[in-house]
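Grab a pencil and work through the exercises below. Try each task yourself before you read its solution.

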Amino acid sequence: MTVQAIILLLLYFGVLLLITKPLGAYMARVFEGERTFLHGALGWLERGTYRALGVDPNENMKWTTYSVAMLMFSLATLIFSYVALRLQGVLPLNPQHFGARQMPEHLAFNTAVSFTTNTNWQSYSPDVTLSYFSNMVALAIHNWASAAVGIAIAIALIRGFARKNANGIGNFWADVVRCTLYVLLPMCLVGGVLFVAMGVPQNFDPYTVVTTLEGGKQTIALGPVASQEIIKQLGTNGGGFFNANSAHPFENPSALSNLFTLIIIWTIPASITHTFGKMVGNAKQGWAIFGAMAALALAGMLVCISAEQAGTPHLDAAHIQTAATALQPGGNMEGKEVRFGIAPSALFATVTTGASCGAVNSMHDSYTPIGGLVPLFNMLTGEVIFGGVGAGLYGMLMFAVLAVFIAGLMVGRTPEYIGKKIEKFEVQMAMLATLVLAASVLVFTALSSTIDLPKEGALAALNTWPGSAYGGSDSIYGAATGNLNNSGAHGFSEIFYTYASATGNNGSAFAGITANTPWYNTTIGLAMLIGRFLMIVPLLAMAGALAKKSQVAASSGTFPTDTPTFAGLLVGVVLIVGALTYFPGLSLGPVVEHYQMLALATH
Amino acid sequence: MTDLIFIAIAIAFFVVAIAYTHGCEKLRRGSDD
């Protein structure tokens, strides 16, 4: 660990701690329907939105109504985006004249699903595929809506714990509108201006062609970047305006913008733990969750940064300086932005995969095997290490239910959490959510690792990369593994990472895989839908069941859940469930690769 | 035609998700009894 890394970690967690309490308390007021300092300026817009939608914000929805409203809203916006993407050629704000040729049906499906599910997986290169309209309307609507939906689901689950003998878990429409107006909008306005001040462009100009110092011509992509960048990070969306994402100097111009981005990604996921504590009437419950998330996060950061800083035996054998000095960063710099170096890159990798953000400022495919294992494992935990906005908290609460159940089995304590008895149905729902994620990751990874599509005939098209849309020629692949840059263990990791990212709604990629084919776009699309909605539904069912229960008073048999002991148990459950479920997959990928790396170095 | 297939896949998924919602509710009512 370098001094820079230690200072960065201390600074990062210090700022997060400072933000968590005030923002968490503010969000609790917003979702309890209390008046805040922004109601004077935005109250009329909230009331007008309800009137325009014909919504009664005071209607207390049963969990099934809440769930169906969420599903129908998501489907409607998904289809809207699909149609808008396919029609981008005839829609405005398209100075580069992109059309349906760049956005074939399978890619439009993947992209619309990707943004609806807060994944922002990008099988395409945005700079040569998307019009400004597609970016600002077809996709940006989801950057807001999917973030608001994730937070709304978390709030509904919190209400399940907080309410007693209640039939409802809140109003989906009111939660989404309040989140958008009072949480996302003001923070994006301020953050977007700060991004502009740091050098991120915000314009509608056509791409600029410049003459380089060598006399060549270079096209520089421009556009309304800052307004996209802020919601991309704040809403843990992650879809880049440019193909290089946050490694691009127009998305992430400096070390300051890099730190700002890191903070913005975890601002809401960290703060909502305090919202949870406030709404259930015991702030220490929120801090226990925060502590468990922070412990998992810090462990991953230390492993990832250390592995990248250590470099590889091959670099040592080639007599390349791997120790950090005043003039160079040392370690494994392959795939990393030279402006940032190792610690800010490895920290970014762990933050973006702990959250379901998926923005990247370095290429995870080029990390050392153990360094790359950490982002992969972060996603395989179900994105609960602070996690996506809302999604991290509801995922961690799912693990909390499992933790009190396991504690009950091990030490004979009554399975209770926040005064609610955890019974058969709650455990069934928590297990269902866990198993759905595991099944999606493992089944799709196994299929793509083994399926061999014919090289000719109708089925061959399932694995064809439409290169002609970009001025090249179409490439035909046989096996789905034919799209990989690497064979063997690293190639397997590329596929495993892809479906872990899709199911976890992360969106980052190992990047060594050409995913813009009908096979990958369709299966990744399905994995994103399963990972988002088939996890949310059982958690809403749990919220509905919990809200109906009465609160039981703590007794000598109650396992306290607002202590460091519980936070430790929660960490253990997350690690054990993750390890037991995915150890075989991790063994075939990064673990084998690590030993191969050591063996190659010694033979 | 291919557009309709992909839109149909999306709609079919959400129909399944709504059925899944009602399946979970049925399970909850069963556990109440």
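Chain B has 1 helix and 0 strands, where helices (H or I, at least four residues) and strands (E, at least two) are DSSP runs numbered from the N terminus. This is a predicted model, where local features need pLDDT of at least 70 and side-chain atom pairs count only at pLDDT 80 or more, while totals for chains, interfaces and linings use all residues. Residues are numbered from 1 along each chain as its sequence is written, and chains are lettered from A and ligands numbered from 1 in the order in which they are written.

**Exercise 1.** Work out the box filled by the C-alpha atoms of chain B, and its share of buried residues.

*Solution.* Start with the principal axes: along them, the C-alpha box is roughly 50 × 5 × 5 Å. Next, burial: a residue is buried if 20 or more other C-beta atoms lie within 10 Å of its own, exposed if 12 or fewer, and partly exposed in between, with C-beta atoms placed from the backbone. By that test, 21% of the 33 residues in chain B are buried.

**Exercise 2.** Describe the contact between the two chains from the side of chain A.

*Solution.* Count residues in contact (C-beta atoms, placed from the backbone, within 7 Å). That takes 24 residues from chain A and 18 residues from chain B. Now sort the chain A side by element: helices H3 (63-86), H4 (105-116), H14 (424-450) and H16 each give two or more residues. H3(A) has the largest share, with 9 residues. Finally, sort by class: 16 are nonpolar, 5 polar and 3 charged. Here Ala, Val, Leu, Ile, Met, Phe, Trp, Tyr, Cys and Pro count as nonpolar, Asp, Glu, Lys and Arg as charged, and the others, Gly among them, as polar.

**Exercise 3.** Is Gly24(A) buried or exposed, and what is it in contact with?

*Solution.* Then count: Gly24(A) is buried because it has 23 C-beta neighbours inside 10 Å. Skipping neighbours within four places in sequence, its contacts include Ser271(A), His274(A) and Gly286(A). Thr273(A) is another contact; its C-alpha is 7.0 Å from that of Gly24(A), although the two are 249 residues apart in sequence.

**Exercise 4.** Find out how many residues of H11(A) are buried.

*Solution.* Helix H11 of chain A covers residues 342-354, 13 residues in all. Check burial next: 13 of the 13 are buried, so H11(A) is largely enclosed by the rest of the structure.

Definitions and conventions. Expected span 1.5 Å × (residues − 1).
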